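Me: I'm new to reading protein models. Could you walk me through one, feature by feature?

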Amino acid sequence: MKQIYLLRHAKSEWDEPYDSDLDRSLSRRGKEQSKALRDYLKESRFEFDQCFVSPAERTLKTYSSLRKEILRFPKPELRESIYDAEKEDLLFLLQGLSPAVRSVCLVGHNPGLEDLGSSLLFGESEFSHFQKFPTAAFLGLSFSKDSWKDLSWGSCQLSVFWIPGQIGKE
């Protein structure tokens, strides 16, 4: 059984001027979301064999926050292709994994992650089946085949879906 974890970056800063969208960092609320997610993942004891992260500052800071206290998480592999990726691009990345990899985490952005998760669960569609896939959302999917090459739309089952809730909205 293979595991796929999709993690949308925590809430980013919009009030500060940045030279590029890639440079936007986490907001105060995003840092609170990261801490809540870290506490959840630490308690739930999730593990990944491999982790691919978009080069955007907000994705790097989100994953870095998790690794700070969860040392079993692997060093991130930066993939420029995750930034601005469509679901087909992300599927192609996953299909290229070694059969030895049992679990993988993608840390990226919407709409690509949400569309990927929805299509892996429910089949290809023009719209997402998620009512909401907010910042810091963590989606876990199970895939029963032995080869990542067999990963296709509708081939996964839901393992977990965690969202940060009302954090930072008080």
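Reply: Let's start with a term we'll need all the way through: a residue is buried under 20% relative accessible area, exposed over 50%, and partly exposed in between. Take E77: at 29% relative accessibility, it counts as partly exposed. Keep in mind that this is a predicted model.

Me: How many salt bridges does the structure hold?

Reply: Six. One of them joins D39 and K35, with 3.1 Å from N to O. Both residues sit in helix α1, four residues apart, which is about one turn of the helix. D39 has 35% relative accessibility, so it counts as partly exposed, and K35, at 43%, is partly exposed as well.

Me: Which side chain does E57 meet in a salt bridge?

Reply: That's K61, and the N to O distance is 3.5 Å. E57 and K61 are both in helix α2, four residues apart, again about one turn of the helix. With relative accessible areas of 29% for E57 and 39% for K61, both are partly exposed.

Me: Let's stay on α2. How far apart are its end C-alpha atoms, and what span should we expect?

Reply: You count 1.5 Å a residue, using one less than the number of residues. Helix α2 covers residues 57–69, 13 residues, so it should span 18 Å; the end C-alpha atoms are 19 Å apart, which agrees.

Me: Which residues of α2 are buried?

Reply: They are R58, T59, T62, Y63, S65 and L66. If you look down the axis of α2, these buried residues fall within an arc of 145 degrees, so they line one face of the helix.

Me: And what covers the buried residues of α2?

Reply: The cover includes strands β1 (2–8), β2 (50–53) and β4 (103–108), along with helix α1 (28–44).

Me: What about loops? Is S27 buried or exposed?

Reply: S27 lies in the loop between β1 and α1, and at 10% relative accessibility it counts as buried. Not counting residues up to four places away in sequence, S27 touches K11, S12 and E13.

Me: And S144, buried or exposed?

Reply: S144 is in the loop between β5 (138–143) and β6. With 56% relative accessibility, S144 counts as exposed. Its C-alpha is 8.8 Å from that of Q157, 13 residues apart in sequence.

Me: Last one: which residues form a nonpolar patch on the surface?

Reply: Look for L158, F161 and I163; together they have about 250 Å² of accessible area. F161 belongs to strand β6 (residues 156–162), and at 32% relative accessibility it counts as partly exposed.

Conventions:
Residues numbered from 1 in each chain as written. Predicted model: local features only at pLDDT ≥ 70, side-chain atom pairs only at ≥ 80, totals over all residues. Heavy atoms only, no water. Helix = DSSP H or I, 4+ residues; strand = E, 2+ residues; numbered from the N terminus. Buried < 20%, exposed > 50% of the residue type's maximum accessible area, 1.4 Å probe, protein only. Arc of directions from axis to C-beta. Contact = heavy atoms within 4.5 Å. Patch = residues over 30% accessible without salt bridge, like charges linked within 9 Å, V, L, I, M, F, W, Y side chains within 5 Å. Areas by Shrake-Rupley, 256 points an atom, 1.4 Å probe, with all protein chains shown as cover. Salt bridge = Lys/Arg side-chain N within 4 Å of Asp/Glu carboxyl O.
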